[in-house]
Amino acid sequence: MAELTISDVTLSFGGLKALSDVDMTIEPGLITSIIGPNGAGKTSMLNCISGFYHPTEGTILYKGKQLTQASPHQVSNMGIARAFQNLELFSGLSVLDNLLLARHQNLTYSFFHAMIFVGKAARIEAENRAYVEDVIDFMELEPFRKSLVGNLSYGIQKKVEVARALTLAPDILLLDEPMAGMNIEEKEDIVRFVMDIQKERNITVVLVEHDLGVVMDISDRIYVLDFGEVIGAGTPEEVAQNPAVIDAYIGED
Amino acid sequence: MERQDLLNFSIPQLLRWRVGQSPDRPALREKDFGIWHTYTWQEYYTHVEKTAMGLKAIGLRKGDTIAIISDNIPELLFVAIGAHAIGAISAGIYQTSMPAEIAQIIQTLKVSAVFCDNQEQVDKILDIRDDIPMVKKVIFEDPRGMRSYYSDDWFTDICQLYQLGEARLQKDPDLFETLVDQGAPDDVCHLCLTSGTTGLPKGTMMTHRNYINMGVRITEVDPLDPTDEYVSFLPFAWIGEQMNSFGVAMATGICINFPESVETAMADLKEIGPHFMFGAPRIYETIRSQIWLKIDQSYWLNKLMYNTFIKIGLEAARFRMAGTPMPAWLKIKAWLGKQILFRPLVNQIGLLRLRRAYTGGAALGPELFTFYQAIGVNLKQIYGQTEITGIAYMHRDGDVRPDTVGKPLPGTECRISEQGEILSRSLSVSPGYFELPEKSEALLEGGWLHSGDAGFIDDTGHLVVIDRVSDVMHTAKGEMFSPMFLENALKFSPYIKEAVIYGDKEDFVACLVNIDPVVVGKWAENRGLSYTTYMDLSAKKEVAELIMEEIIGINTRAEKKHFKIHRFALLYKLLDMDDGELTKTGKIRRQFVQKRYQNLYDALYNPSVTQQEVTASFTYQDGQTATVNTRIQFYTVKGH
């Protein structure tokens with residue numbers, strides 16, 4: 001069964017259709033990429049999945065449950081995490097605190113437990129710290145554990161953004177242009193992380209990305225959007241040979 | 001038991017003895033997932049035991065060699081000492097080595113198994129798989145990214161190795177102890193690559209007794225308690241790390257701490273607060289630059305305090321190092337400086353508990369000694385070669401003289417040959433190079449270790465090292481000078497990261513300078529100078545003027561007239577190991593650099609040339625290369 005089924009989704013802002021009749025299926029355990037020119041509706045699609053926008057028409061089903069009208073925190077509690085294109089971190093907090101904060105829904109102890117901080121509260125805090133440390137190790141952020149996020153370079157902040165999403169222990173990870181503004185070396189680094197996230201942590205990845213080379217290399221399945229419509233879908237090879245896609249990217253003579 | 005008796009043990013036997021002494025004391029500590037995990041001596045031994053049996057199970061036999069390419073982690077010691085226990089030999093390879101280089105080393109040293117810490121190293125081995133048919137197994141520690149390798153039985157996870165070892169132990173519980181008993185102190189246990197400023201690397205054969213003798217002798221001079229801490233951050237392939245983990249730790253029972261990653265080593269050092277540390281000059285240069293940079297960025301009160309007290313500290317350090325009594329007033333001021341400024345400062349770097357810091361591997365500028373002594377870090381020079389287990393000469397506390405390398409360790413004899421070469425003899429001298437009988441014979445001619453360094457013993461019994469016998473240069477007039485000495489004088493400037501001195505058979509001394517990107521970058525920023533790359537920054541006229549001032553200062557302090565630097569140029573790239581310009585321990589490969597920059601050399605010695613178009617080429621760590629065209633300026637030093 002598909003992890004995430006998107007059927008006939010249309011998103012309109014007044015008269016402007018950001019998405020029209022989009023159909024997508026995200027299969028579990030794969031890297032699915034959404035590509036397309038600027039303004040094609042890629043980020044709108046992610047916003048619909050993650051609950052920031054609600055589609056005007058159509059449905060989004062996640063493991064058989066309706067996501068269409070769910071709010072962002074409900075979506076994230078259901079196991080869909082998102083790393084943003086523009087960093088959404090607390091720049092005045094350390095990397096560790098940013099990541100610990102992302103675990104807040106797992107902090108189930110009461111205010112009074114927290115006051116005494118023995119038994120349950122201490123145990124839960126330790127469990128969450130252990131989880132966060134696992135993610136820090138995975139994303140190789142050890143040197144920056146105690147650094148304020150605002151003082152880190154852009155490339156590292158991007159990694160922290162991805163780490164924050166991973167800290168939610170998601171089943172699906174939505175990555176919105178994780179490689180934007182990076183140099184080749186940093187890109188190669190992130191590509192390796194994306195592949196490891198899929199293969200070693202068994203997380204389904206939905207990737208929105210501009211860099212066609214990267215997308216073609218690592219995706220299992222690609223959807224091409226143009227002006228809010230799906231103009232091509234399939235494996236990288238199929239998409240690369242699709243005339244509509246070539247037109248959209250290279251343009252007509 | 002007397003300390004001398006330790007010399008009759010092999011390393012695994014000594015480890016077993018340590019377990020008997022203090023099974024529950026921490027022996028190793030590793031930071032992982034943000035927490036320090038401890039291995040007691042008992043656990044250390046158990047891990048070595050199962051690793052040894054695992055190695056036996058995968059077919060490693062007595063006399064076989066296992067290469068280790070790994071960052072410093074406890075498993076590295078388990079594998080090395082596990083191999084020693086079954087009579088096999090370990091060999092360290094630098095983590096920064098390129099695949100072709102690794103293949104060559106594996107072929108030369110006849111390696112039959114390889115231990116790697118992570119995918120990066122495993123991939124390199126995979127690259128050269130066809131060239132190294134003698135390698136039977138590749139063992140890796142971190143399973144990250146190895147998913148596609150599990151189906152290939154050339155690779156083994158360390159956990160699998162442990163399981164194999166445990167199974168073997170159950171079948172034959174006494175086998176390990178028997179094998180350990182069979183070890184003899186004079187067996188070769190490790191092949192250490194010599195850094196090789198020239199030519200191909202050689203494998204220096206090291207025996208158990210070489211290491212243990214070194215550990216016992218050095219701690220006769222500078223005792224260590226079993227409660228002392230050591231932070232392991234030097235590359236294991238370098239003798240400097242082996243002598244601590246095989247020699248000093250086993251001889252004294254100190255605890256070895258492994259940092260979380262190479263990048264976090266300095267932060268982890270601060271958490272541990274080691275009691276002694278050992279490093280190449282570069283580490284001390286870097287720490288000093290960081291102190292200067294931080295002070296420079298600090299607010300006015302801090303700067304004022306620093307500038308006031310550092311002068312007092314330096315003055316007091318000169319008295320202390322010379323061993324002459326200080327005037328009372330200076331003593332009071334120095335004490336004030338220590339309490340107000342230097343103790344907190346040193347604590348910030350994590351060196352407050354440090355009793356002694358050693359520098360070796362290359363010469364350190366005299367000014368650096370004074371600087372560290374001024375801030376209260378007891379920095380001492382050690383001297384030795386890989387072939388004498390790293391250390392044979394050392395400064396004694398309270399007798400630190402920046403221009404010497406100190407006195408021989410107990411049990412070390414020293415002699416200067418008629419050609420002025422330093423010769424030594426001790427129990428730590430290696431039996432020779434692996435399968436190079438002629439080179440070994442030359443090395444150990446007449447029973448003395450030939451160091452290849454020129455030097456002399458001064459009136460106070462201190463050894464003074466001039467330079468490599470082959471590196472000492474003469475001007476056209478036949479006046480002798482040591483390029484290394486002049487390079488160190490240049491490198492003491494915070495703005496100069498590296499320098500290459502020329503002048504052999506020439507009329508004057510000239511040099512290529514590498515500016516320090518961090519310090520000069522900050523300097524440029526403060527003056528509103530914008531720049532893009534290192535190349536761009538190096539080409540700035542203002543930067544050249546800054547370096548000109550520094551060189552004029554060095555020239556005025558030069559002891560002899562022919563030491564003065566007449567012409568210089570700022571090199572457009574940092575000298576780098578990946579380009580083959582530096583050895584793995586950061587020494588300049590002089591001949592190679594000379595050849596590579598022959599056009600610049602010619603221009604330096606042609607005073608009519610003021611600038612030249614050049615093509616710069618770079619090699620990246622993965623072997624890719626790039627070229628860029630640029631223009632380089634040549635400057636003649638004023639007032640000369």
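Here is a chat about reading a helix pair and a chain interface in a predicted model.

Biologist: What should I know before I start?

Modeller: The model is predicted, so local features need pLDDT of at least 70 and side-chain atom pairs pLDDT 80 or more, while totals for chains, interfaces and linings use all residues. Residues count from 1 along each chain, chains are lettered from A, and side-chain values use heavy atoms, without hydrogens and water.

Biologist: At what angle do α5(A) and α6(A) pack?

Modeller: Axes are lines fitted to C-alpha atoms over the stretch in contact, and angles run from 0 to 180 degrees between N-to-C directions. Helices are DSSP runs (H or I, at least four residues), numbered from the N terminus. Here α5 (residues 120-138) and α6 (residues 154-167) of chain A pack at about 140°, with axes 10 Å apart.

Biologist: Which residues make the contact?

Modeller: Contact means heavy atoms within 4.5 Å. Tyr131(A), Val132(A), Val135(A) and Phe138(A) of α5(A) meet Ala163(A), Leu166(A) and Thr167(A) of α6(A).

Biologist: How much area is buried between chain B and chain A?

Modeller: Interface size is often given as accessible area lost when the parts come together; the probe is 1.4 Å and the loss is summed over both parts. Here that is about 1,100 Å², 42% of it from carbon and sulfur atoms. In chain B, Phe33(B), Arg144(B) and Arg147(B) lose the most, together 61% of what that side buries.

Biologist: How many salt bridges cross the interface?

Modeller: The rule wants a side-chain nitrogen of Lys or Arg within 4 Å of a carboxyl oxygen of Asp or Glu, and it finds five between chain B and chain A. Glu140(A) forms one with Arg144(B), the closest N and O atoms being 4.0 Å apart.

Conventions: Helices (H or I, at least four residues) and strands (E, at least two) are DSSP runs, numbered from the N terminus. Buried area is the accessible area (1.4 Å probe) that two parts lose on being put together, summed over both.
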